[in-house]
Amino acid sequence: MSGIEIEPIAGSLGAEIRGVDLTRPLADADAADIRGALGQHSVIFLRGQKITPEQHIAFARSFGPIVVNRFFTPVDGHPEIAEVRKEPEQKRNIGDIWHTDHSYDEKPAMGSVLLAREVPSRGGDTMFASMHLAYEALSDGLKRTLETLRARHSSRHVFGPEAPYHGSDLASRLRNTEAATQDVVHPVVIRHPDTGRKALYVNRSFTTGIEGWNPDESAALLGFLYEHGSRPEFTCRFRWQPGSIAVWDNRSTWHYAVNDYQGERRLMHRITIEGVALQ
Ligand code: SIN
């Protein structure tokens, strides 16, 4: 039996985990409990983890193999770790739109493990939304319609040569524009690969349209789903401290990095975990 404590932080999703010290090897029972908590709560949080990049990588591997992000600047000497950084003089942050990491991939990342290195004195929280709850709150009629649909996702309009970030101060923090070639189609409603629970799987950042629908029709339906999915009762909000970690399940959540700390530095290290094709 492991000695960890798991405490939900909201009625919707998210739980804080206590009794874990990632500077030591993680016992198998603790790793299993942490994975179980992630399955149950969709996003989990740990605090006070003053760990090295190697320890961050070891913790991420306890969830599965790592998939390297193509577009974020990597941490020196650690290509597995992507830097999510904003300097005091920079205005734009990474991730201030509700999204699901890597949904443009054929096998989208299973999850992300984000570690806070430096945080602003106030602000810079991250919000999460449950796509299980968002799906479950829809009417039976709309659920039936959505289950027949597939949506296109792409990296091109976000990270490609024509992407709007090129004209902004984000340009120095993103790279590999020529690698933004991913176009993929996923079901609009997926079954979670581990639990079978259904979840809405479209997001404002990477979803580009509904297969077989014209742009106006797609925009109307997706616009409704984006408003619906971000209703406060489906969300939780995490306040970071240095050494805080969030691990989220990309199949059942959206997240949003709040950009309310102009003039201060925020430095996060993110590792993404390999996933499977979605059905
Ligand atoms: C991300 O979108 O992966 C980054 C989230 C954050 O910086 O809070």
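This is a predicted model: local features need pLDDT of at least 70, side-chain atom pairs count only at pLDDT 80 or more; totals for chains, interfaces and linings use all residues.
Local features need pLDDT of at least 70 and side-chain atom pairs count only at pLDDT 80 or more, while totals for chains, interfaces and linings use all residues. Residues are numbered from 1 along each chain as its sequence is written, and side-chain values use heavy atoms, with hydrogens and water left out.

A search of the whole structure gives 14 aromatic pairs (rings of Phe, Tyr and Trp, the last by its six-membered ring, with centres within 6.5 Å; planes under 30 degrees apart are stacked, over 60 edge-to-face and the rest tilted). Tyrosine 104 belongs to the loop between strands S6 (78-86) and S7 (111-118), and phenylalanine 206 to the loop between strands S12 (198-200) and S13 (207-210), so the pair ties together parts 102 residues apart in sequence. Helices (H or I, at least four residues) and strands (E, at least two) are DSSP runs, numbered from the N terminus. Tyrosine 104 and phenylalanine 206 are both buried (under 20% relative accessible area, with exposed over 50% and partly exposed in between; 1.4 Å probe, protein chains only).

The ring centres of tyrosine 226 and tryptophan 254 are 6.2 Å apart and their planes lie at 65°, so this pair is also edge-to-face. It links helix H6 (residues 215-229), which holds tyrosine 226, with strand S16 (residues 253-257), which holds tryptophan 254, 28 residues apart. Both residues are buried. One aromatic cluster is formed by Phe45, Phe128, Phe238, Trp240 and Trp248.

The largest nonpolar core has 26 residues (buried Ala, Val, Leu, Ile, Met, Phe, Trp, Tyr and Cys joined through side-chain atoms within 4.5 Å). Those touching the most other members include Met131, Val188 and Leu225. Helix H6 supplies the largest share of this core, four residues. Another core, of 25 residues, lies apart from it, with Val84, Tyr104, Ala163 and Met268 among its members.

The residues around the ligand include Val84, His99, Trp248, Arg266 and Arg270 (a heavy atom within 4 Å). For arginine 266, an N or O atom of the side chain is 2.8 Å from a ligand oxygen atom.

Conventions
A polar contact is a pair of N or O atoms within 3.5 Å; within protein, one must be able to donate a hydrogen and the other to accept it, and residues adjacent in sequence count only if both atoms are side-chain atoms.
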